[in-house]
Amino acid sequence: MASGQRPTNGTRTNGRPPKGERPQGRPGQRPPRGRRPSKGEEERRRPPMEGNRKRRPPSGENRRPRQQEQGYREEPVKKKKGKGKMIALGIVIFLIFILMLFVLYVITKLGKIQNINIDENNLKIDETVQTNESLKGYKNIALFGVDSRDGKLGKGTRTDTIMIASLNEDTGDIKLLSVFRDTYLNLGNDVYDKANAAYANGGPEQAIQMLNMNLDMNITDYVTADFTALSDVIDALGGIPIDVQDEEIVHLNNYQIETAKVAGKEIEKITAPGLQTLNGVQATSYARIRYTAGDDFKRAERQRTVLTEIAKKAKEADVVTLNKIINSVFPKIATSFTTSELISYAAGVIKYNIADTSGFPFDRRTGEIGKKGDCVVAEDLTGNVQKAHEFFFGTTGEGYIPSETVKTLSEKIKNDTAQYLR
């Protein structure tokens with residue numbers, strides 16, 4: 001193009017548009033009011049894009065998450081793990097501390113119980129009983145109730161109550177069998193006399209020998225309680241419901257005189273028959289009645305009734321009540337159980353249930369057996385032992401065959417008593 005010649009495409013040589021086409025205002029400046037900006041002005045006002053950065057889509061369109069944009073990386077949030085671990089460890093240590101206090105508390109309380117050791121190798125458990133499958137899964141315990149005036153629970157004291165408690169360790173069911181205290185039996189030393197003489201002569205060890213020999217049992221543990229302990233338990237529980245019969249009232253009130261004196265408590269006489277709540281002295285006296293129809297058999301039944309009602313209320317008792325029972329009763333109890341064994345059994349007390357009760361011998365007669373006095377005699381000890389095992393363990397018919405020891409004792413009892421029975 002010749003010097004000074006104008007270009008023919010309508011632009012100036014300095015790249016600016018002709019004067020008549022120059023837009024009003026500077027690039028990026030808002031056009032004068034009243035005039036719509038041209039497309040070129042819109043493009044010039046729009047800020048330039050940097051690199052590969054794309055324009056954000058208008059509102060309403062799909063946007064990619066920030067972490068999906070090219071070149072973006074989100075830094076992970078660091079958690080303070082150390083503080084959380086310390087809190088968790090503190091909680092564990094606190095729980096262990098509480099558990100230690102509880103165990104120490106229980107051990108301290110259990111330390112109040114008297115422990116009279118027995119020799120497990122001298123309990124007269126027959127070999128056939130030790131290997132009998134029908135007794136597996138059961139814990140059989142001897143229960144003795146004594147009338148101790150000096151607090152001693154060992155030998156020298158006759159037992160008013162003799163029971164066997166059989167615990168089904170799978171179901172928690174407990175069956176109670178009273179052995180009538182005047183039953184004519186081998187006392188475990190080949191001396192034949194009333195059953196309650198065994199405890200007086202040799203304490204709990206000889207009494208267990210007597211039960212194992214005569215009933216084919218495998219008892220290795222016992223619990224002995226003074227009758228005043230029974231009164232304390234019942235009072236702590238707020239009394240127990242008993243249906244008192246009219247003929248029992250006079251004897252119940254008579255027994256209260258002695259029971260209240262020994263227990264150091266007041267007498268509240270029963271004035272009417274019927275279902276009513278008896279306090280400790282009243283219920284203990286009720287359990288000792290023997291001068292009504294049924295004699296000692298009815299008394300053993302009353303004792304089982306009292307224990308059953310105690311068990312029902314104890315399961316519903318709160319911690320304060322249980323603590324009161326522990327403080328007042330434990331010093332009046334003796335046992336062969338260790339502390340760990342007692343804690344173990346106490347842990348499962350909620351599932352325990354007294355499923356059934358009965359008395360031994362099932363088939364019996366009474367008579368004045370010479371110098372032994374008025375005794376209860378099993379008509380056939382062998383047959384009664386079969387019934388006892390059926391009651392405890394569900395063996396029927398020929399399911400349990402008594403040992404040769406029981407058969408021998410049965411013949412001896414028949415020979416000793418036949419001439420006296422009525």
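Visitor: Where is Asp-190 placed, and why is Asp-190 called exposed?

Guide: In this predicted model, Asp-190 sits in the loop between β5 and β6 (192-194). Its relative accessible area is 60%, and exposed means over 50%, so Asp-190 is exposed.

Visitor: What makes the phi of Asp-190 worth a remark?

Guide: Most residues other than glycine have a negative phi. Asp-190 is not a glycine, yet its phi is positive, about 65°.

Visitor: Which loop holds Asp-216, and is Asp-216 buried or exposed?

Guide: Asp-216 belongs to the loop between α4 and β7 (221-226). Its relative accessibility is 1%, and buried means under 20%, so Asp-216 counts as buried. Asp-216 also has a positive phi, near 55°, in a residue other than glycine.

Visitor: What does His-389 touch, and how do you know that His-389 is buried?

Guide: His-389 is part of helix α11. With a relative accessible area of 0%, against a limit of 20%, His-389 is therefore buried. Leaving out residues up to four places away in sequence, His-389 touches Leu-135, Leu-215, Asp-216, Met-217, Gly-394, Thr-395 and Tyr-400.

Visitor: What makes Phe-392 and Phe-393 an aromatic pair, and why is the pair called tilted?

Guide: A pair of aromatic rings is described by the distance of the centres and the angle of the planes. For Phe-392 and Phe-393 the centres are 5.6 Å apart, and a pair needs centres within 6.5 Å, so the two rings qualify.

Visitor: Why is Leu-177 called buried, and what is it in contact with?

Guide: Leu-177, found in strand β4, has 0% relative accessibility, which is under 20%, so Leu-177 counts as buried. Leaving aside neighbours within four places in sequence, its contacts include Ile-162, Leu-215, Ser-358, Phe-360, Phe-391 and Phe-392. Leu-177 and Ser-358 are 181 residues apart in sequence, but their C-alpha atoms are 5.0 Å apart in space.

Visitor: What is the omega of the bond between Phe-360 and Pro-361?

Guide: Omega is about 5°, and the peptide bond joining Phe-360 and Pro-361 is cis. Most peptide bonds are trans. Pro-361 lies in the loop between β11 (353-360) and β12 (364-368).

Visitor: Which residues have the most contacts inside the largest nonpolar core?

Guide: They are Phe-144, Ile-208, Leu-211 and Leu-381, in a core of 46 residues. Helix α4 gives the most to this core, with nine residues. Ile-208 touches Ile-118, Leu-123, Ala-142, Phe-144, Ile-219, Asp-221 and Tyr-222, not counting residues up to four places away in sequence. A second, separate core of 28 residues includes Phe-227, Tyr-255, Ile-310 and Ile-326.

Visitor: What makes helix α5 mostly covered?

Guide: Helix α5 (residues 227-236) has 10 residues, and nine of them are buried. Among the buried ones are Phe-227, Leu-230, Asp-232 and Ile-234. After α5 comes Gly-238, with a positive phi near 85°.

Visitor: How is the packing of helix α6 and helix α7 described?

Guide: Two packed helices are described by the angle between their axes and the distance between the axes. Helix α6 (residues 249-263) and helix α7 (residues 280-287) pack at about 115°, with axes 8 Å apart. Their crossing is right-handed. The residues in this contact divide into five nonpolar, five polar and no charged.

Visitor: Why does Asn-253 count as buried?

Guide: Asn-253, found in helix α6, has 12% relative accessibility, and the limit for buried is under 20%, so Asn-253 counts as buried. Beyond residues up to four places away in sequence, Asn-253 touches Lys-269 and Ile-270.

Note on methods. Residues numbered from 1 in each chain as written. Predicted model: local features only at pLDDT ≥ 70, side-chain atom pairs only at ≥ 80, totals over all residues. Heavy atoms only, no water. Axes fitted to C-alpha atoms, helices over the stretch in contact; angles between N-to-C directions. Helix = DSSP H or I, 4+ residues; strand = E, 2+ residues; numbered from the N terminus. Left-handed = near helix turned anticlockwise from the far one by under 90°. Nonpolar A, V, L, I, M, F, W, Y, C, P; charged D, E, K, R; others polar. Core = buried A, V, L, I, M, F, W, Y, C linked by side-chain atoms within 4.5 Å. Buried < 20%, exposed > 50% of the residue type's maximum accessible area, 1.4 Å probe, protein only. Contact = heavy atoms within 4.5 Å. Phe/Tyr/Trp six-rings, centres within 6.5 Å; stacked < 30°, edge-to-face > 60°.
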